[in-house]
Amino acid sequence: MFDSKVIGMIIEGIRDTLYMTLGSTFIGYALGLPLGILLYVTSDKGLRPNKVIYGIGDFICNIIRSIPFLILLILLIPFTRLIVGKSYGSTATIVPLVICAAPYIARVVESSLKEVDSGVIEAAKAMGASNIQIIFKVLLVEAKTSLFTGFTITTGLLLGYSAMSGTVGGGGLGDIAVRYGYYRWQTDIMIVTVALLIIIFQIIQNLGTFVAGRIDHRKR
Amino acid sequence: MSEIEIKNLTKIFEIKGHTVKALDDITLSIEKGDIFGIIGMSGAGKSTLVRSVNFLEKPTFGSVYIDDTDLSTLSERELRKKRREIGMIFQNFNLLEQKNVLDNICFPLEIAGTKKKDARVRAKELLKTVNLEDKEKAYPSQLSGGQKQRVAIARALATNPSILLCDEATSALDPQTTDSILKLLKEINETLGITIVIITHQMSVVTQVCKHVAIIDNGQLAETGAVDEIFESPSSDAAKELISGKEISFTPLKSLDTKRKIRIVFKENSAYEPVISNMILKFKTPVNILKADTRNVGGTARGEMILALPEDKEVSEEIINYLKENGLAVADYEGEA
């Protein structure tokens with residue numbers, strides 16, 4: 001059953017899964033981090049409250065987050081085709097993953113920034129810091145542990161979603177699990193892929209927790 | 001003109017449709033090199049007042065002048081530059097938890113665009129000033145409250161400000177640590193000539209280090225002047241309340257049968273003479289001592305006593321005159337002793 005062909009396929013699956021997960025996490029952060037900062041800054045207790053901008057950002061985040069990922073995957077097929085040129089395969093899967101992740105990341109970032117003590121921000125203002133300096137030198141620095149924890153949670157979430165995209169030919173371990181385990185009744189292959197997903201998830205989570213603990217100077 | 005001039009300052013907050021007048025027509029001037037206390041009960045508006053000095057709170061009406069500059073005429077950029085001349089420390093220290101002591105002190109310099117190397121040299125100097133040379137690599141979570149406030153003071157001094165604002169800076173500290181922080185502030189005031197504004201609800205903080213004081217009650221300026229004068233003869237109810245440490249009761253019906261009560265304050269020289277003993281010997285009438293206390297006012301010990309006078313009005317008047325002749329501050333006291 002586990003001949004070199006299957007093993008090769010599983011290794012390829014691991015590679016694709018990591019590619020989709022990490023790729024969508026990083027591109028997701030490229031969009032979600034600035035959006036999260038924007039939400040924080042324009043919220044009514046932010047550095048520069050703006051009801052209109054906050055309202056629009058808030059609305060977009062809520063809309064996308066309320067669509068189930070599987071539906072989003074299908075809805076976005078034309079858009080994916082426009083960007084990547086095809087609608088299947090691991091690179092194509094990154095598109096809906098990013099669209100799904102960005103508003104989620106924005107929310108995670110917003111809530112991390114909200115945890116920063118308002119007194120510290122006030123102190124920075126009293127020192128003559130500008131809003132840009134407060135964002136980059138106070139907020140992002142003081143919230144780094146929480147931001148990193150959010151990053152770990154997001155990566156784990158996208159690992160799960162990348163597996164889900166297997167149902168529509170997305171590639172990776174989820175794709176293998178569905179094709180062999182579900183359509184071909186090869187339970188052993190499914191169990192192996194699920195076990196691999198669990199191991200990858202554990203590594204991400206534990207590494208994240210470890211690093212978050214190392215960079216945190218708040219308690220010792 | 002004084003270094004800080006507050007003119008007809010009124011601040012109105014709008015909270016869910018309600019308007020709250022936090023400050024009502026406050027006019028104050030604070031001289032260069034002074035240690036100026038602003039005291040009031042919590043909610044009196046003193047924190048809003050101190051935040052108006054560096055325009056963290058912009059006044060609804062009125063103006064604030066720092067060295068003859070009207071802060072409301074400054075652009076955002078100019079205002080940020082001006083704030084570098086006004087250091088500030090807080091009740092909760094507000095240090096950056098993810099930066100070590102040295103980087104915390106360098107922080108205002110980093111914001112001002114000082115070179116990192118120069119900033120470090122300056123930060124190390126300041127660590128010496130606040131006696132924390134051995135803690136430069138420590139993080140705030142590893143420090144005690146008093147040490148954190150010392151770091152905050154060093155940080156506030158980094159940009160060489162001419163004014164230091166202290167917002168309840170000792171309220172989270174125990175009495176011994178409070179004393180050491182107040183001593184440090186006094187030292188800074190003397191050696192660097194920085195004008196210090198201290199916001200507090202503790203009379204002991206004011207009497208210990210302040211030269212002048214303003215008493216804020218319900219958003220209004222109740223009384224202002226030199227600390228020793230106000231301590232000797234407070235004229236406003238708010239001042240009396242803060243000095244006696246309890247609420248003055250206005251129930252004359254209950255105390256109709258009680259004798260006249262006076263509060264006397266011993267000045268420096270009168271503390272050497274047995275004034276009360278001499279008085280009793282002279283008038284051959286006993287007086288009831290209801291309360292006696294000594295306090296540190298600006299470095300000198302001040303005795304304070306509440307006396308119940310004899311019922312005979314003539315004798316009472318004579319006693320009061322006798323005490324006044326002996327250089328004591330005498331005032332009627334209406335509260336429960």
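Chain B comes to eleven helices and 14 strands in its secondary structure, with helices (H or I, at least four residues) and strands (E, at least two) taken as DSSP runs and numbered from the N terminus. This is a predicted model, where local features need pLDDT of at least 70 and side-chain atom pairs count only at pLDDT 80 or more, while totals for chains, interfaces and linings use all residues. Residues are numbered from 1 along each chain as its sequence is written, and chains are lettered from A, with ligands numbered from 1, in the order in which they are written.

The C-alpha trace of chain B spans about 75 × 50 × 35 Å along its principal axes. Of the 337 residues in chain B, 40% are buried; buried here means that 20 or more other C-beta atoms, placed from the backbone, lie within 10 Å of the residue's own, with 12 or fewer counting as exposed and anything in between as partly exposed. Take the contacts in chain B between residues at least 6 apart in sequence, and 68% of them join residues at least 24 apart. Two residues are in contact if their C-beta atoms, placed from the backbone, lie within 7 Å.

Chain B is divided into domain 1 (4–233) and domain 2 (261–332), with bounds that come from an automatic or database domain assignment. The centres of domain 1 and domain 2 of chain B, taken over C-alpha atoms, sit 38 Å apart. Where the two meet, eight residues of domain 1 of chain B are in contact with eight residues of domain 2 of chain B. On the domain 1 side, helix 7 (203–209) and helix 8 (227–232) of chain B each supply at least two residues. Helix 8 of chain B gives the most to that side, with four residues. By type, the domain 1 residues that touch domain 2 of chain B divide into two nonpolar, three polar and three charged.

Strand 12 of chain B runs antiparallel to strand 13 (residues 300–308) of chain B, and nine bridges join them. Lys291(B) has Ile306(B), in strand 13 of chain B, as its bridge partner.

The C-alpha trace of chain A spans about 70 × 45 × 25 Å along its principal axes. Of its 220 residues, 40% count as buried. Among contacts in chain A with a separation of 6 or more, residues 24 or more positions apart account for 69%.

The contact between the chains takes 20 residues from chain A and 20 residues from chain B. On the chain A side, the elements giving two or more residues are helix 6 (118–126) and helix 7 (131–142) of chain A. Helix 6 of chain A gives the most, with six residues. The chain A residues on this side divide into seven nonpolar, five polar and eight charged.

Technical notes. Ala, Val, Leu, Ile, Met, Phe, Trp, Tyr, Cys and Pro count as nonpolar, Asp, Glu, Lys and Arg as charged, and the others, Gly among them, as polar. Two strands pair if DSSP finds at least two bridges between them.
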